[in-house]
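Biologist: I have a chain to look at with you. Could you take me through it step by step?

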Amino acid sequence: MDIKRNILLNPGPATTTDTVKFAQVVPDICPREQEFGDVMEFVSKGLTEFVGSLDKYTTVIFGGSGTAAVESMLSSAVGEGYVLIINNGAYGKRMCDIANVYEMNYIEFQSSNIEAIDFEALEKVIIENKDKLTHLATIHHETTTGLLNDVSRLGALCKKYNLDLMVDAMSSYAGIPIDMEKMNISYLASSSNKCIQGMAGVSFVIANIETLVKTKENKPRNLYLNLYKQYEYFKKNYQMRFTPPVQVLYALQQAIVEAKKETIEARHERYVKSCEVLWSELQRLGLRRLVDESCHSHMITTVMYPEVENFSFDDMHDYLFERGFTLYPGKISSKDTFRIANIGEIDHKDITNAMKVLEEYLIKIGFIK
Ligand SMILES: Cc1ncc(COP(=O)(O)O)c(C=O)c1O
């Protein structure tokens, strides 16, 4: 059976291979069977191995979207400690929202959403609060704009001040090489439907085992999302405590096989190549980018609206959508922008084709003469 190939230029769920799609079509199975336990074990170990060694790190899986993993990580690991949260976009703000809901001890460090973190200012806040701070939480790749935070430098800062680093790597995991040990990351959250190129429905936290085990005595703030309890149960049974999204896990298993075959380094290079083509095409079309190049990822690009009277993002979206390309609206309120992501099972040729259609549209509305 042929499945129509849509080129998703939204920042996930991303375009997937047909083999990942078809991996979901399996005989019905009770997830408590050993055979399904083997799938879970493969998935957990496979996800870990992309960023750390199995003797030091472990992957705890939940059914849910990415926010579930971020919520699990924050609500379970900080305990009665104090977390410094870097907010330089909508997802940094979401971590603050989570901390508020759970009435956690936290300090918000606000930073520009288009320029790099001011490390001097950040260190000053750490020094001022060093008696109470226990954790630092950050987004790796702010999907809001395409801003990439320097996690290695944050890891070094955490080492200096003895803080546990928690990273929301939703849209960077499997798209940018990450080494949790080298980068001094204690917890990393991501989901099944972005750069790992699986289906939506699984979220996971990869944790340093030694650090995770120390949270055993933390008073649980929730039931479903408790990280230690989920880890403990999984370790004994290779099962999740509650009903897993069975078919999504089969798809994730296949996505891991394909990511291993491609390698994360080669996947990153593919994304970089697509992005380079995108940037040069945008320049040719006279469209401007928002984020400073020094902290720009090669996976998501925020583009300023074309300066033309009565410009309508929806109209542009629909024009491209009818031709197989999905654009995405911007997520910052201060500027009129839209976003183009180049993650998922697409390459630079797809970007070139998308830009041809965008050019047609810009001619139609009179932006290009
Ligand atoms: C950095 C980041 N964090 C968290 C989320 C939330 O993930 P979800 O929408 O799957 O809950 C996203 C979603 O795009 C994200 O990009």
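This is a predicted model: local features need pLDDT of at least 70, side-chain atom pairs count only at pLDDT 80 or more; totals for chains, interfaces and linings use all residues.

Modeller: Lys 21 and Asp 18 meet in a salt bridge, at 3.4 Å from N to O.

Biologist: Lys 21 and Asp 18 are separated by about how much of helix α1?

Modeller: Both residues belong to helix α1. They are three residues apart there, so the separation is about one helical turn.

Biologist: How many salt bridges does a search of the whole structure find?

Modeller: The pair Lys 21 and Asp 18 is a salt bridge. The rule needs a nitrogen to oxygen distance within 4 Å. Searching the whole structure with it gives 18 salt bridges.

Biologist: Which domains is the chain divided into, and what distance separates their centres?

Modeller: Domain 1 covers 22–262. Domain 2 covers 264–364. Taken over C-alpha atoms, their centres are separated by 28 Å.

Biologist: How many residues does the contact take from domain 1 and from domain 2?

Modeller: Here a contact needs heavy atoms within 4.5 Å. Domain 2 gives 23 residues. From domain 1 the contact takes 27 residues.

Biologist: What area is buried between domain 1 and domain 2?

Modeller: Carbon and sulfur atoms give 60% of it. On the side of domain 1, Ile 114, Gln 197 and Glu 262 lose the most area, together 27% of what that side buries. The area buried between the two domains is about 2200 Å².

Biologist: Which residue forms a salt bridge with Glu 262?

Modeller: Two salt bridges are counted between domain 1 and domain 2. For Glu 262, the closest N and O atoms of the bridge are 2.7 Å apart. The partner is Arg 270.

Biologist: How many residue pairs are in polar contact across the interface of domain 1 and domain 2?

Modeller: A polar contact needs N or O atoms within 3.5 Å. Both residues must also have pLDDT 80 or more. That leaves 13 residue pairs.

Biologist: Which element gives the largest share of the side of domain 1 that touches domain 2?

Modeller: α4 (90–101), β7 (147–148) and α9 (246–262) each supply at least two residues. That side divides into 13 nonpolar, 10 polar and four charged residues. The largest share is three residues, and they come from α9.

Biologist: Where is Thr 263, and what is its phi?

Modeller: Thr 263 sits in the loop between α9 and α10 (264–285). Most residues other than glycine have a negative phi. Thr 263 is not a glycine, yet its phi is positive, about 75°.

Biologist: Which residue does a cis peptide bond join to Pro 13?

Modeller: Pro 13 lies in the loop between β1 (7–8) and α1 (18–22). Most peptide bonds are trans. This one is cis, with omega about -10°, and the residue joined to Pro 13 is Gly 12.

Note on methods:
Residues are numbered from 1 along each chain as its sequence is written. Side-chain values use heavy atoms; hydrogens and water are left out. Domain bounds come from an automatic or database domain assignment. Buried area is the accessible area (1.4 Å probe) that two parts lose on being put together, summed over both. A salt bridge is a side-chain nitrogen of Lys or Arg within 4 Å of a carboxyl oxygen of Asp or Glu. A polar contact is a pair of N or O atoms within 3.5 Å; within protein, one must be able to donate a hydrogen and the other to accept it, and residues adjacent in sequence count only if both atoms are side-chain atoms. Helices (H or I, at least four residues) and strands (E, at least two) are DSSP runs, numbered from the N terminus. Ala, Val, Leu, Ile, Met, Phe, Trp, Tyr, Cys and Pro count as nonpolar, Asp, Glu, Lys and Arg as charged, and the others, Gly among them, as polar.
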